[in-house]
Amino acid sequence: MQPRDACGLCESRQGACPVPANRIDCRANAFPGRTSRLRRQRRAGQAQTGVAKLRSSEIIAGLVSSTTAIPLAMAFGMFAFVSLGDEYFAYGAMAGLISAVIAGVACVVLGDRSTRVYAPRITTTFFLGLLLYSLLHRDPGAPDVSATLLVFFAIVLLGGLLQALFGILRLGTLIKFAPQPVMAGFQNMAAVLLLLVQFGNVLGFDHNVRFTRVFSEIGAAKPLSALVAAITCLAMWHARRVTAKIPPLLVGLGCGTLAYYALIALGLGDRLGPVIGQLTASAAMRAVLVDFSPLAMAQPLENSASVIFLGALALAIIASIDALLCAKLTSVPGQISTGDDRLLVRLGVANAISAGFGGITNGINIGPSLVNRAFGATSFVSVLINAAVLLVAATALFPLLAFLPRAVLSAAIMVVAIQHIEPWTRQLAMRLFAPGTPQRGVIALDLGVSLFVSVLSITINVVLAVFIGIGLAVLLFVVRMSRSNIRRLYRCDTVRSRRYRDPAELEVLHRDGASVLVIELQGALFFGSAERLAQIVDRETAQGTRALLLELRRITEIDSTGARILGEIDAALHIRGVPLALVLSGRTETAARLADAFKGERFFPDIDRAIEWAEDDLLKQAGTPPSQALPLERLPLFAGLSAEQVARLCDWLEPVAWPAGQVIFRSGDPGSALYLVTRGRASVHIRHDDGDIRLVTFAAGAVFGELALLDRGPRSATITADEDIEGFGLSEASFAELCRQHPDIAIKLLQALGRELSVRIRHANMTIQQLET
């Protein structure tokens, strides 16, 4: 037996074990009963270390992201209530912090397990700021602040409930497809307005000054405040060049605040603007919020019912679109976006609760969310820590935050506003002025809609701007879809079917082929575009048209109105004696919609067969006689042979015949002979998902199956007799014997086959070009 202190793996003393890290494992092998406890202790220690590291990373991420979320929440809250005046300035900062706390906690409680940080957003704050301003100035005379605030918070509350209702009704996917020009115009004006309203604080005015009156009161500005703001902007803008571990917003606020109080220490405080200040209006605000639902407050709510509903609906739409877009931007790379409807429910409930506490509408804050994940956050724990820090900032630390200079905070928000200019707008503007840009009219129209929504939001009414913008975008969509969806229009005097025609038939088709009109369509065919198609068909078939072929294989969708208009086109052409044929797959939804109006004999799977149908009708009307049998000596393949060589070659040929409809051979069959056609027609087909595609038609004088003699591989296509076929065959064995006994004939025959193959390659290239164009 080994000593008790020996290594069970290497049979050495424990102190001399060559693998000290494995001592426990070695002792476990030697004394399994005694060391199981040691192994459990080691695993427990590793698990505790992992949990400790996890918790520390969540705490650090929550703390760092909160330093970014605090100033943004304060600034956006102040912007929402700036219309009320200076006495409500600090309350706006408090409202922003409280809103962020409620949103974070409520979303986690309702099941959100992501690392997204919630706080007021620039888009919804812009809406609320203009909304409050319009509520204050909708009636002449001095505004009733208490009644106005009641209506304002009722809109926020109802907007949250409507947002949750959007999620319950599973409208998240539909909302994401809101018109881009409308949302871009709204966000751009939000960013621009957020930038402009900061000028009063940046210039150091002692009281709130609207940006429209900044230049008229420029004499009261304090240049040192502008200097502090410039330091803040530069520090924030270039923070990434210095360090990537501290958020740029925090760097800018820190540098600006240090510069501000350094100037105060130098005795220049009278040349600087004010700080945020203490809560002077909180008592009045809280009094209104406590009495939110008594009967005494029913009258203002009843008088403003329509304003409340329309404002709440517009707020819910904007908040929902913003939340869904931010959810996409903050998602983990490679992650498929899911849970959009649940996100709307959580945010809607959180916003409704926020309104009850005097807060404003929240959304996903992109900057803090990305910072949270970058600093190691992997669960909702960091979100709760972030909310806890925000709560501390709104309570215990708010007296200190009240000393944050307004110029510094406004300068940081100006940088944020510039960064929130919609990238889509910048890209579109660059494309508009870039040389050689296609569709300049469409680009200019999108930019015009975006600018119109922006101007309308400021000059008239923000709620009205949202609905008018959406209606305008829908109208423009209908107008664009009503444009002609004709891909190509051509006549069949130059484009013919792949069926072989003899010279007499070709002469008729060359003379009368232009009377067959082909129209290729693409896109959606609905009431607008179908009506436009009807006008074009009426104009093009007014005279000289004997058949119309509509190529519908590229039609992505057709509604009932479009199908009805196609039926009307068919009826109008029938009166003129012009037959109409449709080219589309029989297994598509488009074919199902048109099955009642059009019979099966006028459906063709490809344009080649449709053109053949029209050509046959032209030849029938012209009375062209059927083609005759071609003597063997007149076959084009024997053009280089003398009469004596043709006579010798006939000794190696065998007569063949197939009735109409019989398959001569199929693709993949072994090849052992080539065939010469002297009477009748046969078509070459390949398989396709929608059926057979005809490549070409052989007639009298043609040769097929020659690849069997050249490469001895299997048949590459299927050949079927269209009519009774007569001809001759040359087997592989006969050809080998011909080469041995009559090499002069074999050489000329191979030369003729080479010419035949080159002609087919040219035709194949023309077919490919036709399909591509």
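Strand 8 and strand 15 (residues 725-731) pair in the antiparallel sense over five bridges. Pairing here requires at least two DSSP bridges between two strands. Helices (H or I, at least four residues) and strands (E, at least two) are DSSP runs, numbered from the N terminus. Proline 655 stands opposite phenylalanine 728 in strand 15.

Both strands belong to an open sheet of four strands, ordered 8-15-10-13, with antiparallel pairing. Helix 30 (residues 732-741) lies across strand 10 (673-679) and strand 15. The helix runs at about 60 degrees to strand 15. Axes are lines fitted to C-alpha atoms, for helices over the stretch in contact; angles run from 0 to 180 degrees between N-to-C directions.

## Basis of the model

This is a predicted model: local features need pLDDT of at least 70, side-chain atom pairs count only at pLDDT 80 or more, and totals for chains, interfaces and linings use all residues. Residues are numbered from 1 along each chain as its sequence is written, and side-chain values use heavy atoms, leaving out hydrogens and water.

A second open sheet has five strands in the order 3-4-5-6-7, with mixed pairing. Strand 3 (486-491) and strand 7 (603-604) are the edge strands, each pairing on one side only. Helix 24 (residues 527-540) packs on this sheet. The helix touches strand 3, strand 4 (516-525) and strand 5 (547-558), and its direction makes about 170 degrees with that of strand 4. Contact means heavy atoms within 4.5 Å.

Strand 6 (residues 580-583) and strand 7 pair in the parallel sense over two bridges. Valine 583 has phenylalanine 604, in strand 7, as its bridge partner.

## Surface patch

Val105, Val109 and Leu384 make a nonpolar surface patch of about 240 Å². Patch residues have over 30% relative accessible area and no salt bridge; nonpolar side chains (Val, Leu, Ile, Met, Phe, Trp, Tyr) are joined within 5 Å, like charges within 9 Å. A salt bridge is a side-chain nitrogen of Lys or Arg within 4 Å of a carboxyl oxygen of Asp or Glu.

Valine 105 sits in helix 3 (residues 89-109). Its relative accessibility is 37%, so valine 105 counts as partly exposed. That class lies between buried (under 20% relative accessible area) and exposed (over 50%), with a 1.4 Å probe and protein chains only.

## Whole chain

The protein chain has 31 helices and 15 strands. Of its 773 residues, 48% are buried. Among contacts with a separation of 6 or more, 78% join residues 24 or more positions apart.

The accessible surface comes to about 37100 Å², with 61% belonging to carbon and sulfur atoms. Areas come from the Shrake-Rupley method with a 1.4 Å probe; for residues, only the protein chains shown count as cover.
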